[in-house]
There are 2 protein chains.
Amino acid sequence: MENAGLPIGLDDVRAAAERLRGVANRTPVMTSRTFDALAGDGTRVFFKCENYQRVGAFKFRGAYNHIASLAPEERARGIVATSSGNHAQGVALACRLLGAPATILMPSDAPATKLAATRGYGATVVLYDREKTYPETFVQEYATTHDLHWVPAYDDPLIMAGQGTAALELVEEVGALDFFLAPMGGGGLMSGCATAVKGLLPGTKVFGVETEGADDWVRSLARGERVMIDPPATIADGIRTRQPGVRPFAQCRALLDGVVVVSDEEVREAMRFMVTRMKMLVEPTGAVAAAAVMAGKLGDLAGKRVGVIVSGGNVDPDVLCEVLTGA
Amino acid sequence: MENAGLPIGLDDVRAAAERLRGVANRTPVMTSRTFDALAGDGTRVFFKCENYQRVGAFKFRGAYNHIASLAPEERARGIVATSSGNHAQGVALACRLLGAPATILMPSDAPATKLAATRGYGATVVLYDREKTYPETFVQEYATTHDLHWVPAYDDPLIMAGQGTAALELVEEVGALDFFLAPMGGGGLMSGCATAVKGLLPGTKVFGVETEGADDWVRSLARGERVMIDPPATIADGIRTRQPGVRPFAQCRALLDGVVVVSDEEVREAMRFMVTRMKMLVEPTGAVAAAAVMAGKLGDLAGKRVGVIVSGGNVDPDVLCEVLTGA
């Protein structure tokens, strides 16, 4: 089904993997006998741990793939992106590694740690007022005015292909899978991952996971068009997007077997398990796919092999401790 | 220098590795570019992550090696051990896997989570009053009275050899090292690790790490005999032993290049780095060796390759959150 009119194909993910070789971390695949036993009789769950990726999340993959693909003179003019989270750090680090000036537009109420981390990678941070500014419009205007190249967070073939290298590595390492799960925000991660998984293992069932109230993908796939939801209040801040991206929607509509929804409390329970039992720090969004397995959202998994993307580990200590201790 | 009159030799560690094959986790070796940059110009630090070992700490290695080496009829009569920490869980799980009844003597004020975890592995827990009972005496009496086999926590060749498989795997995976560091409590871990490292890489400098106030090894090595210190108040609860074990003292006195001391605040800082930047949950003792590198206790490490044992990840959420947030 190579490409078949979709925004990206398996070859794009493979090309991204070549660009990322020796630059991105080849993150470990972790397993837990205790988690397997909770998941079902004879179930094997393979966690692809992007919390151990550079900048602490998969976002580095797509950002580097995009920026490394630009012509040198385009890179030299400078890069702009907008994000209050992991995409900001991914773009900032990729720019530093590739010698491109980076400007990141961030909401003025972004956590001080995220501002500091982004500046720490050498980026110039421009603050905007979240109440008065629609970031997608602002970043495009800013790019035009300042003659900078805009790197979108998800609605972009190079970003989608770059994120898919996480699933490519997972399949290369563990082989056959009955199920594959990843969290869905704008859909960049899932677009690339579904392309890799379905390209290599056509029989694998691929499911996205959202949280209650952040179910723009469930609604959009049911309607057959991109639905915009109210700003979601979920703890999973990485998937608080209000609408699927255009290209991710085309890609995922063609490739996914479904999208399941978990509650914030199910995410918290998965986080507690992963931190206290598996000793891995994960951010709430990083626990979303594991939560779907723990909460039985895929039905009977007895004897099945399940691949799960742990998307990131950049959790604020206050949030972590609130989840762990309830205080 | 194979054995040379010491309690264990490299062959004992290799035999333990055979017994543990497919049973213990071959734990990952993690690296961090940011940690490397803090450690020195061109320094490479390799973290052997026993926080991802079964039961969350290296202790499973030695316990399983000891119990698997017993005659079946001896195992069938039952095993006893005393510990308020990771050794309890290591023995309990090894017994369950090997079909041996396990009795663990634990202080009545041990954390409820540790009691529950030990019982969760199927062990019978017998509580004792820490004020009135000296555990080493109690466990030996209990073993005699109930005809059980006692598995010591560190002063035992099979325990020492089992723990050494962590360093054996590290050297197999990363090759040459200029320095090797591990925390020292009773000395079981370091005995086996130093045996593996010096056996495979005779030129590697091997250093133990203790915390201020828990420096029984520094004092004992300086005096040339085992010194007993007052009960230490360090945050690193895994190394609150008051005196080196007899066999570990003989082994480590022959093999170590030195023991360095870090402060509790240096341990906290290393914990914060490992949790927030490396996304790994570590217990305070698990951060002790990394703290020695971060705090510059080994002098100039520019261009050096350094192996570090992360001994475990069983940290109480309250302790973790106090370290992370200061609250």
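The model is predicted: local features need pLDDT of at least 70 and side-chain atom pairs pLDDT 80 or more, while totals for chains, interfaces and linings use all residues. Residues are numbered from 1 along each chain as written, chains are lettered from A and ligands numbered from 1 in written order, and side-chain values use heavy atoms, without hydrogens and water.

**Stop 1: the two domains of chain A**

Colour 10–58 + 157–325 as domain 1 and 59–150 as domain 2. These bounds come from an automatic or database domain assignment. The domain centres, taken over C-alpha atoms, lie 24 Å apart. Now select the residues between them: 26 from domain 1 are in contact with 19 from domain 2 (contact means heavy atoms within 4.5 Å). About 1800 Å² is buried there, and carbon and sulfur atoms give 56% of that area. Buried area is the accessible area (1.4 Å probe) that two parts lose on being put together, summed over both.

**Stop 2: α1 and α8**

Select residues 10–20 (α1) and 157–174 (α8) of chain A. Helices are DSSP runs (H or I, at least four residues), numbered from the N terminus. The two axes are 8 Å apart, at an angle of about 80°. Axes are lines fitted to C-alpha atoms over the stretch in contact, and angles run from 0 to 180 degrees between N-to-C directions. So α1(A) is roughly perpendicular to α8(A). Angles of 65 to 115 degrees count as roughly perpendicular, under 35 as roughly parallel, over 145 as roughly antiparallel and the rest as oblique. Show side chains: the contact includes A:Leu10, A:Val13 and A:Leu20 of α1(A), and A:Leu158, A:Ala161 and A:Leu168 of α8(A). The contact residues divide into 8 nonpolar, 3 polar and 3 charged. Here Ala, Val, Leu, Ile, Met, Phe, Trp, Tyr, Cys and Pro count as nonpolar, Asp, Glu, Lys and Arg as charged, and the others, Gly among them, as polar.

**Stop 3: α3 and α5**

Move to α3, residues 59–68 of chain A, and α5, residues 86–98. Their axes come within 8 Å and cross at roughly 45°. That makes α3(A) oblique to α5(A). The crossing is right-handed (the near helix is turned clockwise from the far one by less than a right angle; anticlockwise is left-handed). Among the contact residues are A:Phe60 and A:Tyr64 of α3(A), and A:Val91 and A:Leu98 of α5(A). The contact holds 11 nonpolar, 3 polar and 1 charged.

**Stop 4: α5 and α6**

A:Ala88, A:Gln89, A:Ala92 and A:Arg96 of α5(A) meet A:Ala117, A:Thr118 and A:Gly120 of α6(A). They divide into 3 nonpolar, 3 polar and 1 charged.

**Stop 5: chain B against chain A**

Show both chains. Contact involves 24 residues of chain B and 23 of chain A. The buried area is about 1700 Å², with 63% from carbon and sulfur atoms.

Conventions:
Helices (H or I, at least four residues) and strands (E, at least two) are DSSP runs, numbered from the N terminus.
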